[in-house]
Amino acid sequence: MQQRTLGRTGRPVSAIGLGTWQLGADWGAITEEDATAVLAASVDEGVTLFDTADVYGDGRSESIIGRFLAARPGHGITVATKMGRRLAQEPENYTPENFRAWTDRSRANLGVDTLDLVQLHCPPTAVIEDDATYDALDALVADGAIAAYGVSVETTAQALAAIARPNVTNVQIIFNPFRLKPLDEVLPAAEAAGVAIFARVPLASGLLSGKYTAQTTFAADDHRTYNRHGEAFDRGETFSGVDFETGIRAANELSEALPAGVSLPAATLAWIASRPGVTSVIPGARNVQQAQSNAAAAALLDGGFDLDAFDRAVRDVYDRDLRAAIHPLW
């Protein structure tokens, strides 16, 4: 597993990390035993970055991670959490007092004095552009509540605004074969500024797993059912904002472009991780097999797979099937 530098912190993080939204049971039920097994399998495969948030299962994801790491002193794992969705995502709620309350709660959930990395959880553009936001975050660093901070964003314009801030460690953005706009400006700007990029929703909520058909259905408590059209939160978070049937067709085309023995999710994760400017890809996993398969995709970065050929296939499918369907802000 390649280890890369987390922005200005100097901390090593794995090229393929683990997203833990699903451990909060927002993708359907998962026991703590199964969640802990996913964490353990990821660590065993060389994963050194866990990404979570205070709202994943109302803190359940953070708490499970905290208990897991407490049993592994000297673990070497960087935990990146997020804050800002415990209240309505309105600029007036992003205050120093709320930042303090949210980080204190995450510190308790994770069982640490200092959070490794806190990211604003897709705040409004006005918050990203406000000097007061970064003054408040700098104060938390100075107090030792957090070691570093970043921003998770919805749009490329928001990403560029965050990258321009001198103390931002990372930007988290949706980037996958269905979302290519970050290639144009965001990744080059981040690389030039020394800001890490976490690629989230890398498998487009499972569309790029290669295992779904147009007839696939999901549980009622899975966001792929209740948020398919943006009913609960930003539509771009579910299936990357791509129409499900369109995404199925595009995924099938990409699968057909792969050589025997290379799966679509492995190729996708390796392709994302190989793009200049990307620090880590953070796929989720609901079981040990998924966690192992995701981490194993890192082997494709070391040769034996023609990433350039897959890149051409990605761009061809995107231009033909997806470009007109993607919101211009993404």
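Me: Why is Ile173 called buried?
Reply: The relative accessible area of Ile173 is 1%. Buried means under 20%. The value falls under that cut-off, so Ile173 is buried. Keep in mind that this is a predicted model.

Me: Where is Ile173 found?
Reply: Ile173 is found in strand E8, residues 168-174.

Me: Which residues does Ile173 touch, not counting residues up to four places away in sequence?
Reply: Contact means heavy atoms within 4.5 Å. Ile173 touches Val153, Thr155, Thr156, Ala159, Pro182, Val186, Ile197, Phe198, Ala199 and Arg200.

Me: How far apart are Ile173 and Ala199 in sequence and in space?
Reply: They are 26 residues apart in sequence. From C-alpha to C-alpha, Ile173 and Ala199 are 5.5 Å apart in space. Ala199 belongs to E9, and Ile173 stands opposite it.

Me: What makes E8 and E9 a pair?
Reply: Two strands pair if there are at least two bridges between them. E8 and E9 have five bridges, so they pair, and they do so in the parallel sense.

Me: How do you know that E7 and E8 pair too?
Reply: Strand E7, residues 149-152, is joined to E8 by three bridges. At least two are needed, so E7 and E8 count as a pair. These strands run parallel. Val151 has Val171 in E8 as its bridge partner.

Me: What holds paired strands together in general?
Reply: Strands of a sheet pair through backbone hydrogen bonds, either parallel or antiparallel.

Me: In what order do the strands of the open sheet come?
Reply: The sheet has eight strands, in the order E3-E4-E5-E6-E7-E8-E9-E10, with parallel pairing.

Me: What makes E3 and E10 edge strands?
Reply: Strand E3 (18-19) and strand E10 (280-281) each pair on one side only.

Me: Why is strand E9 called mostly covered?
Reply: E9 spans residues 196-200, and five of its five residues are buried. Ala196, Phe198 and Arg200 point one way. Ile197 and Ala199 point the other way. Both sets are buried.

Me: Which strands does helix H5 lie across?
Reply: Helix H5, residues 131-143, lies across strand E5 (78-83), strand E6 (117-121), E7 and E8. H5 runs at about 140 degrees to E7.

Me: Thr133 is in helix H5. Why is Thr133 called buried?
Reply: Thr133 has a relative accessible area of 4%. That is under 20%, so Thr133 is buried. Leaving aside neighbours within four places in sequence, Thr133 is in contact with Phe99, Leu120 and Val127.

Me: How many cavities of 30 Å³ or more does the structure hold?
Reply: One. The space in the largest cavity is about 30 Å³.

Me: Which residues line the largest cavity?
Reply: Gly17, Leu18, Ser42, Val47, Pro283, Ala291, Asn294 and Ala295 line it. Helix H11, residues 288-296, gives the most, with three residues. The lining divides into five nonpolar, three polar and no charged residues.

Me: What is the volume of the second largest pocket?
Reply: The second largest pocket has a volume of about 170 Å³. Its lining includes Gly66, Leu69, Ala70, His75 and Asp116. Helix H2, residues 60-70, supplies the largest share, three residues. Seven lining residues are nonpolar, four are polar and one is charged.

Terms used. Residues numbered from 1 in each chain as written. Predicted model: local features only at pLDDT ≥ 70, side-chain atom pairs only at ≥ 80, totals over all residues. Heavy atoms only, no water. Helix = DSSP H or I, 4+ residues; strand = E, 2+ residues; numbered from the N terminus. Buried < 20%, exposed > 50% of the residue type's maximum accessible area, 1.4 Å probe, protein only. 1 Å grid on protein atoms, 1.4 Å probe; cavity = no way out; pocket = protein on both sides within 12 Å on 5 of 7 lines; lining within 4 Å. Points joined across faces, edges and corners; volume = space filled by probe spheres on them. Nonpolar A, V, L, I, M, F, W, Y, C, P; charged D, E, K, R; others polar. Axes fitted to C-alpha atoms, helices over the stretch in contact; angles between N-to-C directions.
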